[in-house]
Amino acid sequence: MRFSSVIGAVLIALIVIGGFGTAADADGGRIRFNVVKAGFVIGGSGGSGTLLFHGRYYPLAIGGLSYGFTFGASATDFFGTVSNIRWPSDVNGVYVAAGAGAAIGPGGGAILLTNQNGALLTVSGRQVGLIVAADLNGLVITVR
């Protein structure tokens with residue numbers, strides 16, 4: 001076996017072992033937030049919430065924009081889990097989702113989002129309002 005092949009095999013093994021160690025170190029928590037969305041073609045959203053991580057509550061600020069076919073207004077209360085985080089600040093970031101839907105009065109839905117830090121949100125929610133949308137959404141979550 002050539003020396004460069006041995007070095008390559010050792011590097012691959014270190015990367016694989018390091019990857020498993022990273023995943024094992026990650027943790028999770030519970031998240032709850034509300035979002036109010038309104039728009040006509042260009043929409044805006046805002047809200048607040050809390051992250052429960054290692055027995056402590058951290059306040060969250062929510063903001064976002066959407067572009068596409070959007071008409072109306074709605075409010076949604078989301079609740080669920082956040083995983084693959086080490087620190088509360090890992091929740092900070094931009095979450096992007098493309099979607100289509102409509103809500104008249106009460107409705108529900110579930111969503112799976114990830115950010116640039118690798119945080120994974122698995123949330124469901126109850127929506128009220130009158131909105132029709134087929135748009136690209138960006139949601140920014142910040143731990144205050």
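Select Phe33 first: leaving aside neighbours within four places in sequence, phenylalanine 33 is in contact (heavy atoms within 4.5 Å) with Ser48, Gly49, Ile62, Thr76, Asp77, Phe78, Val123 and Leu139. The model is predicted, so local features need pLDDT of at least 70 and side-chain atom pairs count only at pLDDT 80 or more, while totals for chains, interfaces and linings use all residues. Residues are numbered from 1 along each chain as its sequence is written, and side-chain values use heavy atoms, with hydrogens and water left out.

Next, select Thr76, one of the contacts of Phe33. Threonine 76 lies in strand β2 (strands are DSSP runs of E, at least two residues; helices are runs of H or I, at least four; both are numbered from the N terminus). With a relative accessible area of 9%, threonine 76 is buried (under 20% relative accessible area, with a 1.4 Å probe and protein chains only). Beyond four places in sequence, its contacts are Phe33, Asn34, Val35, Gly125, Arg126 and Gln127.

Then display the largest nonpolar core, which has 20 residues (a set of buried Ala, Val, Leu, Ile, Met, Phe, Trp, Tyr and Cys residues joined through side-chain atoms within 4.5 Å). Phe33, Val91, Tyr95 and Leu121 have the most contacts inside this core. Two or more residues come from each of β1 (27-53), β2 (56-85) and β5 (120-143); β2 gives the most, with six.

Finally, show the whole chain. Of the 144 residues, 30% are buried. Among contacts with a separation of 6 or more, 72% join residues 24 or more positions apart.

Notes. Buried means under 20% relative accessible area, exposed over 50%, partly exposed in between (1.4 Å probe, protein chains only).
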